[in-house]
Amino acid sequence: MVFRAGVPRPAAIGLAWLATVAFAGGPAGAVVGGAEATPEGAVMVLSSKGGVCSAVVVAPDAVLTAGHCAAAGLEHRVHFRDASGQPVLVAVAARAVHPGYDAGAIAGRRRSIDLALLRTETPLPSRFAPATFSAASPRAGETLTLSGYGADTPGDPRSTGTFRSVALPVIEPHGPSRILVWLKGPGRAGGCQGDSGGPVSDGSGVVAVTAWIGGACGGLTQAVLVAPQRDWLDRTLAGWGGAARWR
C-alpha cells in the first residue's frame, strides 16, 4: 500500500479474500461503477493465504502487481482462464519487490512504492500481450481508465474474478504527486477488493498500478505511477531476460 501524510487510513484491497473467488465468475457490471472488459494484458495473482489481486502482463513470463500482493513468506500463483474457460494456476519462479516498498508505511505514516514484479515458471499464453507503459504524468481533470478483477459488490466474493474497467477523472486532493495519482469519479465508481495491482491507463499505455482505496469501494482510488520507477522496472526485467515496452 502507499501512504502519504494527510491521507485517511485506506481500506486495503486485494489480500483478504478466499482464493476460491478467483474461480468464480462475476456478473457484468463494474469494477465498481464500470463495465466488463477484455483482459488482453491482465491476469490475477493469488496467495497461499487466500489473497486475490490483479496484475499487468509486462513480458511473456512476467507480471507487475502491487507490492502488498507479493508479501514475503507466502506462496503466489498467477491465475487466468484458458480458452475453454478452465482455471489455470502458474507457479512463480522469482519475485522482485520494489526496494521502496514499506509494508508498515500506513502505521508509520511513511512513503512507500507499492510495486512488485513476478516472474512465472512458464510463459503465459500469447493472447496476454505484454502491456505498453506510458511515461505520462497525468494531472487533475484528465480521465484515466482503471481496470481489475476486483469485486463489483463490496463484501461479496462471488462478484470477484471478472475483469472490469471504469473511466475516472484524476484529482489532486493533496497537491500534485511525483509518484502517485488519485482517481475519484462521481457517485459510486472506483476500485474495490481484488483490484490492487490492476492497470490504470491513459489511452496510450499503462500509466499507473492500483494500490489502495480510501474508505468504501468506489471511493478515492490511489495508484503508483510507473514512469518514476522506470529504472527499476527496466533493470529488473532485463535481469530476467525481458524488456519493458514504453511509449
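The link of C53 and C69 is left-handed, with -80° about the S-S bond. The sulfur atoms of C53 and C69 lie 2.0 Å apart and form a disulfide, defined as a pair of cysteine sulfur atoms within 2.5 Å. C53 is buried, with a relative accessible area of 1%, and C69 is buried with a relative accessible area of 1%; buried denotes under 20% relative accessible area, exposed over 50%, and partly exposed the range in between (1.4 Å probe, protein chains only).

The model is predicted; local features require pLDDT of at least 70 and side-chain atom pairs pLDDT 80 or more, whereas totals for chains, interfaces and linings use all residues. Residues are numbered from 1 along each chain as its sequence is written, and side-chain values use heavy atoms, with hydrogens and water left out.

By the sulfur distance rule, the count comes to 2 disulfides. In the other link, C192 is joined to C217 with an S to S distance of 2.2 Å. C192 lies in the loop between β11 and β12, and C217 in the loop between β13 (206–214) and β14 (220–225), so this pair ties together parts that are 25 residues apart in sequence. The link of C192 and C217 is right-handed, with 70° about the S-S bond, and both cysteines are buried. With bonded cysteines counted along the chain, the disulfides follow the pattern 1-2, 3-4.

The loop between β11 (180–183) and β12 (199–201) also holds D195. The side chain of D195 reaches the backbone nitrogen of C192 at 2.8 Å. D195 is buried yet has no salt bridge (a side-chain nitrogen of Lys or Arg within 4 Å of a carboxyl oxygen of Asp or Glu). R164 is the nearest side chain of opposite charge to D195, at 6.7 Å; Lys and Arg count as positive and Asp and Glu as negative, while His and the chain ends are not counted.

The protein chain contains 2 helices and 15 strands, taken as DSSP runs numbered from the N terminus (helices H or I, at least four residues; strands E, at least two). Of its 247 residues, 54% are buried. Among contacts (heavy atoms within 4.5 Å) between residues at least 6 apart in sequence, 71% join residues at least 24 apart. The accessible surface of the protein chain comes to about 9,700 Å², of which 53% belongs to carbon and sulfur atoms.

How values were computed: A polar contact is a pair of N or O atoms within 3.5 Å; within protein, one must be able to donate a hydrogen and the other to accept it, and residues adjacent in sequence count only if both atoms are side-chain atoms. Accessible areas come from the Shrake-Rupley method with a 1.4 Å probe; for residues, only the protein chains shown count as cover.
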